[in-house]
Amino acid sequence: MEIEMKKVLFYARYSTDRQHEVSIETQIELGEAFVKDRGWKLVATYSDAAISGTSYMLRPGIQNLMAHVRREQIDIVLCVTVDRLSRDLEHAFKMLKEWQYRDIDLWTVHGAQAVTNLEMALRTALSQELVEQIRYRTREGMKMAVRKGKASTCLAYGYQLSQQRDAMGDRIRGLREIDPDKAVLVRRIYQLYADGMSPRDVARLLNNDAVPGPRGRKWRDTAIRGHVGRGTGILNNESYIGRIVWNRRQYRKNPETERRTARANDATEWVLKEVPEMRIVSDELWQRVKDRQKEIGDLFDFGQSSRLNATHRPDYLLSGMLECAECGGPYAISGKDRYSCTNRKKRLPIDELDGACCGNSKTITRHELEERVLNCIPAAFYSLDIFDCISQKMVAHEVSKLKSAPSIKDQLTGELAAVTSKQTNLMLQIQDRHAEGRPRLVILDDRLDELEVTREKLVKELAATAEEPAEDFQEKIARLRAQFNPANTEIAIRKLIFLARNNADEQAKRRLMPIVRDLIQTVVIGKTPGHQPASLQVHGDIANIMASMDVIDIMQQQFVASAQNDLMTRIASGEIDTEAKKEKLLEAYAEELVRKYPEWENLQVSVVAGAGFEPAAFRL
C-alpha cells in the first residue's frame with residue numbers, strides 16, 4: 001500500500017535589519033534537509049525579512065502562508081523554532097487554532113515533532129517575555145548612557161561620531177562631537193528663521209545653494225520645523241544648546257493596526273543631561289526661535305488632529321492679519337477677547353528700535369476691531385463692480401462643483417454594485433457553512449433578504465432615471481447665474497454685514513471671512529494720545545479700491561451703508577413697523593446727506609505707499 005506523501009509549507013523569519021539574509025538562507029537549508037530526511041514534499045517556502053515576530057498583519061510572508069493553507073490542503077507547517085513563527089501569544093494561538101481546524105500540524109526543526117498547545121503556550125510566553133526584557137534592558141541602557149552624557153539615539157545633524165578611544169584602543173560608543181561645517185549651517189538655519197524666514201523658504205534656499213540635507217538628501221521644511229512639543233526637527237533639538245533630553249515619549253503598538261503610536265511622557269520622567277561641549281547655538285538665538293514659534297503658533301500640529309486643521313480656517317475674522325505700527329510685530333489675543341502687541345507684552349528687545357522694547361501699549365477688543373474694519377467694507381463694495389466680481393466667483397465655484405459631482409445615475413449604479421457585492425459575500429458565507437456541515441444562521445438569511453429589498457428598490461430608481469430626459473447642463477448654469485446675480489449677492493452680503501456688526505454673529509463673520517480676507521491683507525494698529533481708540537490702517541486690495549475713489553464718494557457710500565444698517569436695526573427691533581415710518585426715516589437720511597456734502601468737500605484721504613489708506617475724517 002502506497003503511503004501518501006505529506007505536503008509541507010516552510011516559514012522563515014529574522015527580526016531586524018541588523019541581521020543578514022544568510023539568517024533566512026540558513027533556516028531554509030535546515031528546513032529543506034528536515035523535509036528530505038522524512039520523505040515529505042516541500043510545497044512552498046515563505047519568509048519575512050527584518051520584521052518583528054510580535055507583529056502579524058504587517059508580515060507579508062506569514063499572510064501569504066495563511067492564504068496558501070486556505071486554498072490548498074496542507075499537512076504540515078514547518079519552521080526552525082516556534083519564536084520564528086511568532087513572539088506574541090495571541091497571534092501564535094490564532095494561527096495554531098486555524099491550522100488545527102484544517103487538520104494541519106505545526107512542526108519545528110528544533111523539536112523534531114509536532115508542537116502541542118502546551119508547548120506553544122510555554123515557548124511563546126517565554127519568547128514574549130524575552131522581548132519585554134530586551135526592551136527594558138535597552139531602555140535602561142539608553143537612560144544610563146544619557147546620564148553619562150552620551151547620545152542614545154541616531155546621529156543628529158551637526159554632529160559626527162567621536163573618535164575617542166578607551167584603554168584597549170576601541171572607540172567609545174555613544175560619544176559625539178561637533179561637525180564644524182554642519183554646525184555653521186545649523187546656526188544659519190536658526191538665524192534665518194529667527195529673522196522671519198519660514199521653514200519652507202529656508203529649505204528652498206538651502207536646496208538652491210546645493211547644500212546637502214540630512215543623510216545627503218534634499219532639505220524639507222518638516223526636517224527644519226519638526227514639532228515643538230515633541231522636540232523634533234532642527235529648530236527644536238536641545239542638543240544644539242548643550243542639553244540631551246531623553247524619554248520625552250513612549251511608544252505602544254496599537255493591537256488593531258500593529259503600528260507604533262507615540263504618547264507623551266510627563267516631564268518628570270524625562271532624563272536631562274547638560275553637555276556643554278555639544279553646544280552649537282547660543283541661548284539668545286535659541287530664545288529668538290522659541291519666541292517666534294510661540295507667536296505664529298504650531299500651525300503644523302502632528303498630533304491626533306489632522307495636520308492641516310490649523311490652516312483650514314482662522315479662529316477669528318482678522319486672525320494673523322494684525323500688525324503693530326511701532327515694531328511691526330503681531331497683535332494677538334492677550335486677554336479675554338482683547339488684542340495687544342505681542343512684542344510689547346513679552347518685553348522683547350526690537351532690533352529696529354535699537355534694542356528697545358515696543359512702546360505701543362494700545363489694546364483693542366476683538367468686537368470693536370472687527371466692527372470698525374467691517375464699517376469700511378461697504379464703501380469699497382460700491383466701486384469697481386465688486387458685486388459683479390463676487391457673483392462671478394460664486395457662479396464659477398458652483399459650476400466647478402456641478403462638473404465634479406457624479407450624476408444620479410452614477411450614484412445609483414455605484415450603490416447597486418455595493419449591495420450586489422454584499423449579497424455575493426453573504427451567499428458565499430452561507431455556502432461555506434453548508435459545505436462544512438455547520439448549522440444555518442437566521443441572521444445571515446435576514447440580512448440577505450434586507451439587501452434584496454434594497455437592491456430591487458435601486459433597480460427601480462435606476463430604471464426611472466434612465467427614462468427621464470437628461471437635464472441640460474447649460475440650463476443649470478443659467479439658473480446658477482440667475483440665483484447668484486449681483487443684486488442678490490449685494491442683498492446677501494448686506495445682511496451678513498448687518499448680522500456681523502450689530503449682533504456680533506460669529507457665524508455671519510465666518511461666512512464673510514473669504515470676502516474680507518480677500519480684500520484686506522494687513523490691519524496696522526497704532527497708538528493714539530490718552531484714552532483715544534487705537535488708530536487702524538488697512539492694507540490690501542481695499543486700499544487700492546478706496547484710493548481710486550473720490551473722497552466724497554467714500555464718505556457718501558459710508559453714510560449710505562450706515563443709514564441702511566440703522567434702518568435694518570430699527571426694523572428688526574420693531575420701531576419701524578409701517579411703510580409710512582420707513583419713508584419718513586429715509587427722507588431724514590436724505591436731508592442729512594445733503595447737509596454733509598459741504599463738510600466732505602474739504603476732506604482728504606491719504607494713501608500709504610500706494611498699498612494702504614488711512615481715512616483722516618473717520619477712524620476705522
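Modeller: Start with a strand pair. F10 has L78 in strand 3 as its bridge partner. Keep in mind that this is a predicted model.

Biologist: What makes strand 1 and strand 3 a pair?

Modeller: Pairing needs at least two bridges. Strand 1 and strand 3 have 3 bridges, in the parallel sense. They therefore count as paired.

Biologist: How do you know that strand 1 pairs with strand 2 as well?

Modeller: The count is 7 bridges, and these strands run parallel. The cut-off is at least two, so they pair.

Biologist: What joins strand 3 to strand 4?

Modeller: There are 4 bridges between residues 76-79 and residues 105-108, and the two strands run parallel. C79 stands opposite T108 in strand 4.

Biologist: What is the order of the strands in the sheet?

Modeller: The order is 2-1-3-4-5. The sheet is open, has 5 strands and shows mixed pairing.

Biologist: Why are strand 2 and strand 5 called edge strands?

Modeller: Strand 2 (41-48) and strand 5 (113-114) each pair on one side only.

Biologist: What makes strand 1 mostly covered?

Modeller: Of its 7 residues, 6 are buried. Buried means under 20% relative accessible area. Helix 2 (residues 60-71) lies across strand 1 (7-13), strand 2 and strand 3. Helix 2 runs at about 150° to strand 2.

Biologist: Why are helix 2 and helix 4 called roughly parallel?

Modeller: Helix 2 and helix 4 (residues 89-101) pack at an angle of about 15°. Angles under 35 degrees count as roughly parallel. The two helices are therefore roughly parallel to each other. Their axes are 11 Å apart.

Biologist: Which residues make that contact?

Modeller: Helix 2 gives I62, L65, M66, V69 and R70, while helix 4 gives M95, E98 and W99. The crossing is left-handed.

Biologist: Now a loop residue. Why is N236 called buried?

Modeller: Its relative accessible area is 3%. The cut-off for buried is under 20%, so N236 is buried. N236 is found in the loop between helix 8 (221-225) and strand 8 (243-246).

Biologist: What makes the link between N236 and Q293 a polar contact?

Modeller: The two side chains make a polar contact at 3.0 Å. The limit is within 3.5 Å for a pair of N or O atoms. Leaving aside neighbours within four places in sequence, N236 is also in contact with other residues, including Y190, R225, H227 and W286.

Conventions
Residues numbered from 1 in each chain as written. Predicted model: local features only at pLDDT ≥ 70, side-chain atom pairs only at ≥ 80, totals over all residues. Heavy atoms only, no water. Contact = heavy atoms within 4.5 Å. Axes fitted to C-alpha atoms, helices over the stretch in contact; angles between N-to-C directions. Buried < 20%, exposed > 50% of the residue type's maximum accessible area, 1.4 Å probe, protein only. Polar contact = N/O pair within 3.5 Å; in protein donor to acceptor, adjacent residues only side chain to side chain. Parallel < 35°, antiparallel > 145°, perpendicular 65-115°, else oblique. Left-handed = near helix turned anticlockwise from the far one by under 90°.
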